[in-house]
Amino acid sequence: MSNPINGGNGVGQRPVVSQRGAGRKGAPDAAPCAAKTAAGGPGSGPKRPPAPSRPQSPPQAQSRQPKPPAHQHSSALPDSLIEAVRSQARNADLFPLSELRRSGSGFLATCPWHQDRRPSLTVNPERNRVHCFVCNRGADPIAWLEDRQGLSFREAVEELARRYAIALPEQDPEAAARAEAEHQERQRLRHWRSQQQEEFHQALLSDLQASGPAALYLQQRGISPDTAITWRLGLNAQRLMLPIRDGQGRCCGFSGRSLNGEEPKYRNSSADLLFQKSQLLFGLDQAAAAINSTGEALLVEGPLDVIQLHQAGFSNAVAAMGTSLSAEQLQLLQRRGARRLLVVFDGDGAGRSATGKLIAGLRSALIGSGLELAVVELPTGTDPDGLIRSHGPDALRRPIEQARHWLQWELDQLLAPLNADADNLSVLQRCEARARGLLAVLPPGALRERAERRLQEALGLVPQLHHGVQPHRAKRPGLGRPQAQQPQASPAASPPPAHRDAAQIERAEYRALRLFLCSPVCRDPLAVLVVRNDLYRRAQQCLVQVHQRITGPIASAQEDPLPRSVLAICPQLEPHLGQLLERLCSLDLGVRDTLFRQPEGEMMAILDVLEPVVV
Ligand SMILES: [Zn+2]
């Protein structure tokens, strides 16, 4: 099998794009040509450096900054190219011969889309399509490559163009030359990395036999020798080498875990044309089948977690290199058939914060992507592997079943501090600010409406949360600042009082008492609110009585005589009431000052929940 694109001398000058590829028509080999032949002639392969200290770095490529291949970023593919690919690429060529069985004028193959017991996929040369008569799915050559290799439409077209020696669109010769050079460079790197993968793997096998440091480490992590072999783990320079492969199983780089305490603990290959962290997912090649059949992918924190989960039967686990996920990585998963991505990070503060950052970075990509992201929350202090090892796989299945939609999870996180400390005004204000931030990024629609309602109910909340929300305040007692007239909000935006739960009303009542103490201008309207909670109502009456004895202007929170006067009578009150009022009067002066100067927001939030007495 000779193919000129593989025989070249590394990054050569071969600007003539139309010479790409040899005539592969009819060659029934799906392997993307490169690796096997690249080592061919003398001098054609990369020279191996002697005992490299960073073995991940290939020769000649260390200082090279990755550049996007020119043709991949140019505008849309010309129709003529797509047509040429459609007419020349043959579906039967995309299968290894061994997988095809003659049937009439065509072939039969095993269908990858359902659990196929006997070959049900018809490969029809006349229609140039494959079609499964059991699950009724089909594909032309481009769609087949997209589906099977996880390529984008553009990548699939370009890959087929390359295989069938169809000229890619001629840009200026310089761009074409660069694209060609980059293609060559990628092939060279691929070949180099696959050699390294084998070398490191052989070293690991020897270590396993000799019960060396890598064997010991794997044993500690509960990774069996069989698993190490399946994943082609390696050993090099006191590091456990974890090969990072693309969706098609080609090694693109390594993550090296230190075995002798050397820092950093993990060291990744440096970025080059092949190794782009944001475009790779560790484990995707091994997880692709499970993701395709279940529609779900598990995202865990690190490569070793992935391996451990696969070993425990969670064969749809993948990891990003780092804790953020790019839009490209989401697409990689979607192309493999993922409809739901379950994020499983450690059950601690760091895990939660990483999850929060991950979601924040993905919100806009998630909205409208058709991919649902859900958060799996592990018991505090556990990680996926520890959980499985101490309690068995079911201990992880349970939290997976209870995964929450990312927006639900974000809202829960956002409101958690409030549940813990409902009296703290600065906590409340922080929650409100974050709520506004979250709503601002959600486009109008059901998701946003649900978030608004949830926040409104929990916080009490926030007028002008967005312009559509105009809470009912028809009977609002005068606060001297009439709300701008706006059309009535949809009923969904502001739930009627009947829907408010007791806890929400009680919280608003407490906030009313607090505001009464802090804001002289709000005292008259607050005095006529209906307060249902018995203790709070007595506190209200008490405050009103003390307030009525106070006269004269009050210039600042510090000068406000009310808290002092209330504190003075607390000892004579019945204990619960006295304690409540004491607590209210000992509010932090900063909080009191804020409410003294800017009571409107708080007042409106209270009036959204509570009604004044109708005389
Ligand atoms: Zn099928």
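Me: Which exposed residues are carried by the face of H17 turned away from its buried side?

Reply: In this predicted model, the face of H17 turned away from the buried side carries Ala 433, Gly 437, Ala 440 and Val 441, which are exposed. The buried residues of H17 are Leu 425, Leu 428, Cys 431, Glu 432 and Ala 435, and because they cover an arc of only 115° around the axis, they lie on the same side of H17.

Me: Against which helices do the buried residues of H17 pack?

Reply: They pack against helix H16 (406-420), helix H18 (446-459) and helix H24 (589-597).

Me: How does the span of helix H17 compare with what its 17 residues should give?

Reply: The general idea is to count 1.5 Å a residue, so that the 17 residues of helix H17 (residues 425-441) should span 24 Å; the end C-alpha atoms are 25 Å apart, which agrees.

Me: In what order do the five strands of the open sheet stand, and which are the edge strands?

Reply: The order is S11-S10-S12-S13-S14, with mixed pairing, and strand S11 (317-319) and strand S14 (404-405) are the edge strands, each pairing on one side only. Strand S12 (residues 340-344) and strand S13 (residues 372-376) run parallel, joined by five bridges, and Val 344 stands opposite Val 376 in S13.

Me: Which residues touch the most other members of the largest nonpolar core?

Reply: Among its 102 residues, these are Leu 299, Val 318, Val 343 and Ala 512, while helix H19 (residues 502-518) gives the largest share, eight residues. Leaving aside neighbours within four places in sequence, Leu 299 is in contact with residues including Val 318, Leu 341 and Val 343.

Notes. Residues are numbered from 1 along each chain as its sequence is written. This is a predicted model: local features need pLDDT of at least 70, side-chain atom pairs count only at pLDDT 80 or more; totals for chains, interfaces and linings use all residues. Two strands pair if DSSP finds at least two bridges between them. Helices (H or I, at least four residues) and strands (E, at least two) are DSSP runs, numbered from the N terminus. The expected span of a helix is 1.5 Å times one less than its number of residues. A residue is buried if 20 or more other C-beta atoms lie within 10 Å of its own, exposed if 12 or fewer, and partly exposed in between; C-beta atoms are placed from the backbone. The arc is that of the directions from the helix axis to the C-beta atoms. Two residues are in contact if their C-beta atoms, placed from the backbone, lie within 7 Å. A nonpolar core is a set of buried Ala, Val, Leu, Ile, Met, Phe, Trp, Tyr and Cys residues joined through C-beta atoms within 7 Å.
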